[in-house]
Amino acid sequence: MRRRLAAGNWKMNGTGAALSELDTLTATHPSPTVDILICPPATLIHRAGQAVQGSGVAIGGQDCHAEVSGAHTGDLSAEMLKDAGATSVIVGHSERREDHGEKDDDIRAKARAAMNAGLTAIICVGESLEQREAANTLDIIGGQLSGSIPDLATGENLVLAYEPIWAIGTGKVPTLEEIGEVHDFIRARLERRFGEGVGRSVRLLYGGSVKPDNAAEIFGVSNVDGALVGGASLKARDFSGIISALEQA
């Protein structure tokens, strides 16, 4: 059985004062029956790791460089993130793809670096509104899966997050049928490429305007093993509602 995962991506939000939300979160969920992950800004990773020590909450990064070290001013390697206390790292988020021009090859290299460093790579895939309206969603997702996932992927070092770009932070959510179609497609592609063992063990998350009031129905969809949550993860009260919905799913 795949253990479900509620992952929060704080994006470029939060200073030291935000760590109090982690205190509330760990107090609210002292013995969670699902995995809980918070990915704060890199400046908070070490302190966040200390804040959740001994709890059921883990800390991750939001991006990493493909190289172990070198002349890459402003970048962080996967080894650095792990040293700071991260257990996972998000790669290929649509905001990285769009704002920084990252391509599938770049994301595959970053995911490989994360895996080699002992981190779980959370690889994001998703289509734009134009691609959705042109009925190209599965072709786009299929290409991203082929190009972004390294060959050394396993159920332990890989998580996939389906985040339709047009649903991120907009309040718009695909229908349950549309979410299920993509998640079932991803599962089938993983099984075909890696075999049933690995293909069935990789956790698939949905992301895109997940909130406490719509989480339960999303978590009831086939092959949805949890969520990658943006804005609703910034406040413990909101994220707690999503975690509770996942525990009850």
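**Exercise 1.** Decide whether Ser94 is buried or exposed, and find what it touches.

*Solution.* Start with the cut-offs: buried means under 20% relative accessible area, exposed over 50%, partly exposed in between (1.4 Å probe, protein chains only). Ser94 has a relative accessible area of 9%, so Ser94 is buried. Helices (H or I, at least four residues) and strands (E, at least two) are DSSP runs, numbered from the N terminus. Last, list contacts (heavy atoms within 4.5 Å). Leaving out residues up to four places away in sequence, Ser94 touches Ile165 and Ile168.

The model is predicted: local features need pLDDT of at least 70, side-chain atom pairs count only at pLDDT 80 or more, and totals for chains, interfaces and linings use all residues. Residues are numbered from 1 along each chain as its sequence is written, and side-chain values use heavy atoms, with hydrogens and water left out.

**Exercise 2.** Work out where the buried residues of α1 lie around its axis.

*Solution.* Name them: Glu21, Leu22, Leu25 and Thr26 are buried in helix α1 (residues 20-28). Look down the axis of α1. These buried residues fall within an arc of 130 degrees, so they line one face of the helix. The arc is that of the directions from the helix axis to the C-beta atoms. Now find the cover: it includes β2 (35-39), α2 (45-51), β3 (57-61) and α10 (236-248).
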